[in-house]
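Let's take a walk through this model, starting with the ligand surroundings and then moving on to the strands.

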Amino acid sequence: MENRKTLSILNSCLKCNSKCCKSESPIVLEKERDLILKQTEKDYFKREENYYIIPNDPCPYLKNNICSIEDIKPIDCKAYPLTIIEKEGNLFIGIYENCPGLSYINDNFLKEVKTLFNKYSLEEKKMLAKLNFKQNYSHKFFSEL
Ligand code: SF4
Ligand code: SF4
């Protein structure tokens, strides 16, 4: 997406002062953690069963309100405030309603998020959806995957 240099939805992110990076702990799959560790050698991850989180108060990768691992951050961050959800066995794009930038979501962003998720295996997508449910984040249906 053009202009997405720092967080998820640049214009709004700058205005909102990186709220999500200071309040929510992203879900990180093992392969995402491996990639980040390979490039940064800074292990801020906390293991939770078969996945990780980045404890976030604020996120240690946030530097001067900008994500310092933009290109390799987990999909949970890249897609935010969109995410993946499962309903009755089907996968959909869901949305976190506590992001103040919802009005900035456009077709290009949605398309990019779908492309990102579809680079993950079905098993990984189902796992991410399950973890979102488990974390009890507030999200609702937004689009077909
Ligand atoms: S809460 Fe929304 S607008 Fe604020 S930094 Fe996160 S994605 Fe951007
Ligand atoms: S990894 Fe980057 S985008 Fe994700 S919470 Fe941390 S600073 Fe924010």
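Here is a short tour of the ligand shells and the sheet.

First, some housekeeping: this is a predicted model, so local features need pLDDT of at least 70 and side-chain atom pairs count only at pLDDT 80 or more, while totals for chains, interfaces and linings use all residues. Residues are numbered from 1 along each chain as its sequence is written, and chains are lettered from A and ligands numbered from 1 in the order in which they are written.

Start at ligand 1, which has 14 residues around it (a residue is near a molecule if its C-beta atom, placed from the backbone, lies within 6 Å of it). Cys13, Cys16, Cys20, Cys99 and Gly101 are the closest. Two helices, α1 (10–16) and α2 (19–23), each bring at least two residues to this shell, and α1 gives the most, with three. Helices here are DSSP runs of H or I with at least four residues, and strands are runs of E with at least two, numbered from the N terminus.

Strands count as paired if DSSP finds at least two bridges between them; β1 and β3 (residues 51–53) are joined by two, in the antiparallel sense. Look for Val28, whose bridge partner in β3 is Tyr52.
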